[in-house]
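Grab a pencil and work through the exercises below. Try each task yourself before you read its solution.

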Amino acid sequence: QVHLVESGGGLVQAGGSLRLSCVASGSAFSRKVIGWHRQAPGKQRELVAAITSGGNTGYADSVKGRFTISRDDAKNTVYLQMNSLKPEDTAVYYCATKSLSSYEYDSWGQGTQVTVSS
């Protein structure tokens, strides 16, 4: 099991930037797929970006070109750089891990709030 702690959320104006961090403790972090998810009030949780142990990345269409996911395995940390933020990016952002062969993410952080004002 991996313990995850997110940070870096806050209030920002539309067009601004934030960088979220997710620090992990526990075994085998470097072999895990890490995904950043978000959940806005009244909406389903969605996966916005993911990165494999080999550094391959994927993004939701809604954030492609604006968000960048990266990882530093030496620091057991994954980042989500968010640029050109929009009010519709407002949500609680969670990081989560899973094995490459797994379908579901099985370890989750507590989340960090991102609020984008218009």
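## Exercise 1: Placing Ser21

Ser21 lies in strand β3, where strands (E, at least two residues) and helices (H or I, at least four) are DSSP runs numbered from the N terminus. Before going on, note that this is a predicted model, in which local features need pLDDT of at least 70 and side-chain atom pairs count only at pLDDT 80 or more, while totals for chains, interfaces and linings use all residues. Residues are numbered from 1 along each chain as its sequence is written, and side-chain values use heavy atoms, with hydrogens and water left out.

**Task.** Is Ser21 buried or exposed, and which residues is Ser21 in contact with, leaving aside neighbours within four places in sequence?

**Solution.** 
- Step 1: get the cut-offs. Buried means under 20% relative accessible area, exposed over 50%, and partly exposed in between (1.4 Å probe, protein chains only).
- Step 2: apply them. Ser21 has 14% relative accessibility, so Ser21 counts as buried.
- Step 3: list the contacts (heavy atoms within 4.5 Å). Beyond the close sequence neighbours, Ser21 touches Val5, Glu6, Ser7, Trp36, Thr77, Val78 and Tyr79.

## Exercise 2: The partner strand

**Task.** In which sense do β1 and β3 pair, and over how many bridges?

**Solution.** 
- Step 1: two strands pair if DSSP finds at least two bridges between them.
- Step 2: β1 and β3 (residues 18-25) have five bridges and run in the antiparallel sense. Glu6 stands opposite Cys22 in β3.
- Step 3: look at the faces of β1 (residues 3-7). Leu4 and Glu6 make up the covered face, while His3, Val5 and Ser7 make up the uncovered one. The rule to remember is that side chains in a regular strand alternate between the two faces of the sheet.

## Exercise 3: Around Ala50

**Task.** Which strand holds Ala50, and how many Å apart in space are Ala50 and Lys75?

**Solution.** 
- Step 1: Ala50 lies in strand β5 (residues 46-51).
- Step 2: at 16% relative accessibility, Ala50 counts as buried. Its contacts, leaving out neighbours within four places, are Ile34, Gly35, Asn56, Thr57, Gly58, Ile69 and Tyr105.
- Step 3: Ala50 and Lys75 are 25 residues apart in sequence and 18 Å apart in space, C-alpha to C-alpha.

## Exercise 4: The whole protein

**Task.** How many helices and strands does the protein have?

**Solution.** 
- Step 1: count zero helices and 11 strands.
- Step 2: look inside. Of the 118 residues, 43% count as buried.
- Step 3: sort the contacts. Among those between residues at least 6 apart in sequence, 55% join residues at least 24 apart.
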